Amino acid sequence: MGFTLEDLARYVDGRVEGDGQCEITHVATLQAAGKGDISFLSNRSYRRFLRDTGAAAVILTEGDREFCQTNCLVVDNPYVAFARISALLNPAPTHTPGIHASAVIADDASISSTASIGAHVTIGSGARVGENVHIGPGCVIGDAVSVADESFIHSNVTLCRGVTLGKRCLVHPGAVIGSDGFGIANDNGVWVKVPQIGSVVVGDDVEIGANTTIDRGALDDTVIEDGVKLDNQIQVAHNVRIGAHTAIAGCVGIAGSAVIGKHCAIGGGAVVLGHLQITDHVQITAMSLVTRSIREPGVYSSGTPLQENDEWRKNFARFRRLDDMARRLNRLEKKINETDKQE
Amino acid sequence: MGFTLEDLARYVDGRVEGDGQCEITHVATLQAAGKGDISFLSNRSYRRFLRDTGAAAVILTEGDREFCQTNCLVVDNPYVAFARISALLNPAPTHTPGIHASAVIADDASISSTASIGAHVTIGSGARVGENVHIGPGCVIGDAVSVADESFIHSNVTLCRGVTLGKRCLVHPGAVIGSDGFGIANDNGVWVKVPQIGSVVVGDDVEIGANTTIDRGALDDTVIEDGVKLDNQIQVAHNVRIGAHTAIAGCVGIAGSAVIGKHCAIGGGAVVLGHLQITDHVQITAMSLVTRSIREPGVYSSGTPLQENDEWRKNFARFRRLDDMARRLNRLEKKINETDKQE
Amino acid sequence: MGFTLEDLARYVDGRVEGDGQCEITHVATLQAAGKGDISFLSNRSYRRFLRDTGAAAVILTEGDREFCQTNCLVVDNPYVAFARISALLNPAPTHTPGIHASAVIADDASISSTASIGAHVTIGSGARVGENVHIGPGCVIGDAVSVADESFIHSNVTLCRGVTLGKRCLVHPGAVIGSDGFGIANDNGVWVKVPQIGSVVVGDDVEIGANTTIDRGALDDTVIEDGVKLDNQIQVAHNVRIGAHTAIAGCVGIAGSAVIGKHCAIGGGAVVLGHLQITDHVQITAMSLVTRSIREPGVYSSGTPLQENDEWRKNFARFRRLDDMARRLNRLEKKINETDKQE
């Protein structure tokens, strides 16, 4: 399955510099690329690999063209063009429609005849599985769950009772959607469970990473809007709302009822406290703790620098008395200023 | 299935103000509630929704009664009363007793005739499953595991060999209990595995969140006492002991042999180092690193504030030389004080 | 199944002090040990338990011998010797070779006749399972996966398409290896998926913890070298390389394309940012954020101390203006020094 560079340029609306007839069959990194491979440059720090790349062609911007020794595919956004071309050259594996003999499907579940249901899958009462949906081996699809057309659910995923998934969603292995929120009321020291009777509503084109968990709402629903991308091992608590096209990196925790805007980006290991609101177009850097609502777009951070342990220990110890340091500095300044005035 | 407000008041030992005969069928938030719905107010910041709520009745304290325009159910602890009423109005789904035809059960496992065992479940040799226990689809119950009466195990859970679960436990999808502790000994650079021959003992009324992991002990057992509530994605290492009625939020990590007291609360993303002891009634705020034992009840924290990235970078850089700043401040103070004395 | 202390000494190349003929059948902690038990001392803080231990024998160093009242097995590294002896006394459970009737195996998969395949396992097309491999109940082994001899895969594990596992690997329940990396390109606010066409290559003697996730490479492979030990709930992103004999504690996140050296140790909850390089023999303490490459062996840390919440709040607030404090200190110093010169 090959394309000419000219074909690909037309596909991504780019311009060829060099031999438009050269055949492209695979994608590869600049360092590993050889005959028939197309590569890309989107991160300036990799520009040094341009000179010696064995790639048949490289996708890059006009500004980087002069550094390239081979055929170029010039576009505005090389990484997006590369993503599209790679998807063209590496189509997702197709699955034969049908239900595996070992799957256990409730009588009143509605499964599209074009869906493919893997081995050892369990599908509950009243569930609906749309066209061309794939459900991988070992998945458990609870009662009244709805999975819309073209969604792809990998292995060992659990979708709990009543969860709704939009079109073209991609759910990776081990993810759990619709587990009970952590709702507990303290009755003189003993915790009483608060029933979690909301659900989870996931929009279209959402990707949910391996072993990520999304809790169902306590009363209203937890909502993941269209185009949201969640990496692995993320915890989304009950009644959280994540705005459209927001991307969240691995190991992030989002506490209950937090509302995150559209087009946000949250770095790995960050934690967002409950009931906060984050406006659109906010970036949170890795491992930050979001302790307050964020009303203005921008980049936000917390944390301290990595240091050699001996150095760090000294600073660490001083932090313990930072308030005292600040007070002493204030006093000293005041004293000096008074002395100045007296003189 | 409805109750009068009077019925509910009797059930939670509260007092009706208004029409005790009004019919209650559902629970809802103040904002969403309509005819037949009962809501609650336990967080002062939601008091503004009281005026316009469409709820048939609201559970609240005596102090909030004057702000309420509809029927009231007055109690000391509205959230606990709400939890009880919600559980009454939303009973957990019941499962027909019996073993699904696809389940694989060892000949010598003992399964109560009132238990319900889902599709694709595997139960090992010598395992014991008590009365009214539910084990969801895809669970793996290892050899010699014991699950006591009334416990509910959701889908795709793994209980490893020998693990013991108390009564009325609730285990959410993807949880793993009894995996090997991380015991490795360094033999001149190469790690040698230390067999993990302890087990995990879980008390009564324990809730364990989705994809949470609890390791088996190295020699003695890992112990989770009665009434402990664990949120999702928590890691509990070998030989940890968590005291009764302690609640731990999502993404917390507890290192080996840490002992956590009773009635503690640990915020999301916190980490407790190994071999530490935390006394009863301690609260740890989100994302704190517990680096030392805690002997006194109270609230404990670590970390730095979230800031706009440009501001944060400057402070971040200064932290690197905080010890130096402290020394310079000391010197300056000394100098000024000496000058004072000389004058 | 018992051994004399003399047998064990020979097995670990140690020296008996006391009765070499005493029979040893089990291992136990110093505190719990009784007749027939062997214990060990490797952490000085446990030395106080030596005097009253009921152990038949204790593994310890020459230096600790004088504090011991019972038979001694003297070695250089007691913890390693203990690990070996414990493995001898507690052999891993064996599994009868064969494929469970409920397993679903692709026709062209190659399964060794000595392998044991559990209930409800799914094995894809072209997969290869080596000699004496155990695959636990509920595992999903994708197309073209290869699991080498003597590896042990616990329950509900997913190995995605094309993943390669070395010999004697140990994979704990719920782990996911080979899920898609988090590769997304931003096309005017909408995320476009970048196909993840690399795989994961895991070396020999690697241990992978419960619910740990390792993503497949975007173009090249993600690589876990020989002897690496990963605890639970770790997230390893695409194209990461982890060097041989490195050990990583629970809840760590490693972002894309990070390269970690050999013989490193990373503490629980730490995060390593993407595209960084960490040299060999580096230790990162718990919950540190690695924001830059590390070129020198050593111990590295970040973070602030745990404090009583009231104290911490004050310091926390001051951190917000640390840069300002530093500037003011500079000015004050300059002023004082100038005054000095004038005098």
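In β40(C), which residue is the bridge partner of B:Ser301? The bridge partner of B:Ser301 in that strand is C:Gln307.

This is a predicted model, in which local features need pLDDT of at least 70 and side-chain atom pairs count only at pLDDT 80 or more, whereas totals for chains, interfaces and linings use all residues. Residues are numbered from 1 along each chain as its sequence is written, and chains are lettered from A and ligands numbered from 1 in the order in which they are written.

**Relation of the chains**

Chain B is superposed on chain A by a rotation of 120 degrees with 0.0 Å of shift along its axis, at an RMSD of 0.0 Å. Chain C is likewise superposed on chain B by a rotation of 120 degrees with 0.0 Å of shift along the axis and an RMSD of 0.0 Å, and these two copies are thus related as by a three-fold rotation axis. Such superpositions are made by least squares on the C-alpha atoms of residues with pLDDT of at least 70 in both copies.

**Contacts between chains**

Two residues are in contact here if their C-beta atoms, placed from the backbone, lie within 7 Å. The contact of chains A and B takes 61 residues from chain B and 60 residues from chain A. On the side of chain B that touches chain A, the elements giving two or more residues are α2 (78–89), β40 (307–308), α3 and α4 of chain B, and α4(B) gives the most, with 7 residues. Helices (H or I, at least four residues) and strands (E, at least two) are DSSP runs, numbered from the N terminus.

The contact of chains B and C takes 61 residues from chain C and 60 residues from chain B. On the side of chain C that touches chain B, two or more residues come from each of α2 (78–89), β40 (307–308), α3 and α4 (322–342) of chain C, with α4(C) giving the most, 7 residues.

**Helix α3 of chain A**

A residue is called buried if 20 or more other C-beta atoms lie within 10 Å of its own, exposed if 12 or fewer, and partly exposed in between, with C-beta atoms placed from the backbone. In helix α3 (residues 309–319) of chain A, the buried residues are A:Trp312, A:Asn315, A:Phe316, A:Arg318 and A:Phe319. Seen down the axis of α3(A), these buried residues fall within an arc of 160 degrees, so they line one face of the helix; the arc is that of the directions from the helix axis to the C-beta atoms. Their cover includes β40 (307–308) and α4 (322–342) of chain A, α3 (309–319) and α4 (322–342) of chain B, and β39 (298–301) and α3 (309–319) of chain C.

**A sheet in chain C**

An open sheet of 5 strands in chain C has the order β2-β7-β6-β5-β4, with mixed pairing. Its edge strands are β2 (15–17) and β4 (26–27) of chain C, each of which pairs on one side only. Strand β4(C) runs parallel to β5 (residues 37–40) of chain C and is joined to that strand by 2 bridges, with C:His26 opposite C:Asp37 and C:Val27 opposite C:Ile38. Strand β5(C) also pairs in the parallel sense with β6 (residues 57–60) of chain C over 3 bridges, where C:Ile38 stands opposite C:Ala57. From β5(C), C:Asp37 and C:Ser39 point one way and C:Ile38 and C:Phe40 the other way, and all are buried.

**Positive phi in loops of chain C**

C:Asn188, a residue other than glycine, has a positive phi near 55 degrees and is found in the loop between β22 (184–187) and β23 (190–193) of chain C. With 7 C-beta neighbours inside 10 Å, C:Asn188 counts as exposed. C:His275, also not a glycine, has a positive phi of about 65 degrees, and with 13 C-beta neighbours inside 10 Å C:His275 counts as partly exposed.

Technical notes
Two strands pair if DSSP finds at least two bridges between them.
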